[in-house]
Amino acid sequence: MLKIRLKRFGRKKQPSYRIIIIDSRKPRDGRPIEEIGFYNPITNKSQINLEKAKKRIYQGAQLTKKVQQIIKQVEKQN
């Protein structure tokens with residue numbers, strides 16, 4: 001099963017995340033199938049390609065709770 005979730009990168013104590021599509025059995029920082037956006041919790045900035053996300057959700061991908069919140073936030077901005 002595919003999941004849309006966060007992949008951590010950045011320095012220690014300064015996290016930044018990429019929003020990725022990955023097999024649910026892979027580790028958090030494993031090689032993704034596709035990267036569709038980013039999220040920076042320090043500056044609270046986020047960007048996501050909603051078309052790609054909705055396409056994968058239609059195909060059966062599951063979202064994590066945080067990614068659901070980010071998508072709602074981005075949709076409100078548009």
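Two strands are taken to pair if DSSP finds at least two bridges between them. The views below show a predicted model.

**View 1. The open sheet holds five strands in the order 4-3-2-1-5.** Pairing within this sheet is mixed. At its edges stand strand 4 (45-48) and strand 5 (62-63). Each of these two has a single partner strand, so one side of each lacks a neighbour in the sheet.

**View 2. Strand 1 and strand 2 form a hairpin.** Strand 1 covers residues 2-11, and strand 2 covers residues 14-23. The two strands pair in the antiparallel sense, with ten bridges between them. Leu 6 stands opposite Ile 19, which belongs to strand 2. Two residues lie between the strands, and Lys 13 in the turn has a positive phi of about 70 degrees.

**View 3. Strand 2 and strand 3 pair in the antiparallel sense.** Five bridges connect these strands. Ile 21 has Glu 34 of strand 3 opposite to it. A salt bridge also forms between Arg 18 and Glu 35, where the closest N and O atoms are 3.8 Å apart. Arg 18 lies in strand 2 and Glu 35 in strand 3, so that the pair, 17 residues apart, links distant parts of the chain. The structure holds six salt bridges.

**View 4. A hairpin is formed by strand 3 and strand 4.** Strand 3 (residues 34-40) runs antiparallel to strand 4, and four bridges join the two. Tyr 39 stands opposite Ser 46, a residue of strand 4. Four residues lie between the strands of this hairpin. In the turn, Asn 44 has a positive phi of about 60 degrees.

**View 5. Strand 1 and strand 5 run parallel.** Two bridges join these strands. Lys 3 has Gln 62, in strand 5, as its bridge partner. Strand 5 is one of the edge strands of the sheet.

**View 6. Helix 1 and helix 2 cross at roughly 135 degrees.** Helix 1 consists of residues 50-58 and helix 2 of residues 65-77, and their axes come within 12 Å. The crossing of the two helices is left-handed.

**View 7. Residues of helix 1 meet residues of helix 2.** Helix 1 contributes Leu 50, Ala 53 and Lys 54 to this contact. From helix 2 come Ile 71, Val 74 and Glu 75. Of the residues in the contact, four are nonpolar and two are charged, while none is polar.

Conventions:
Residues numbered from 1 in each chain as written. Predicted model: local features only at pLDDT ≥ 70, side-chain atom pairs only at ≥ 80, totals over all residues. Heavy atoms only, no water. Axes fitted to C-alpha atoms, helices over the stretch in contact; angles between N-to-C directions. Left-handed = near helix turned anticlockwise from the far one by under 90°. Contact = heavy atoms within 4.5 Å. Nonpolar A, V, L, I, M, F, W, Y, C, P; charged D, E, K, R; others polar. Salt bridge = Lys/Arg side-chain N within 4 Å of Asp/Glu carboxyl O.
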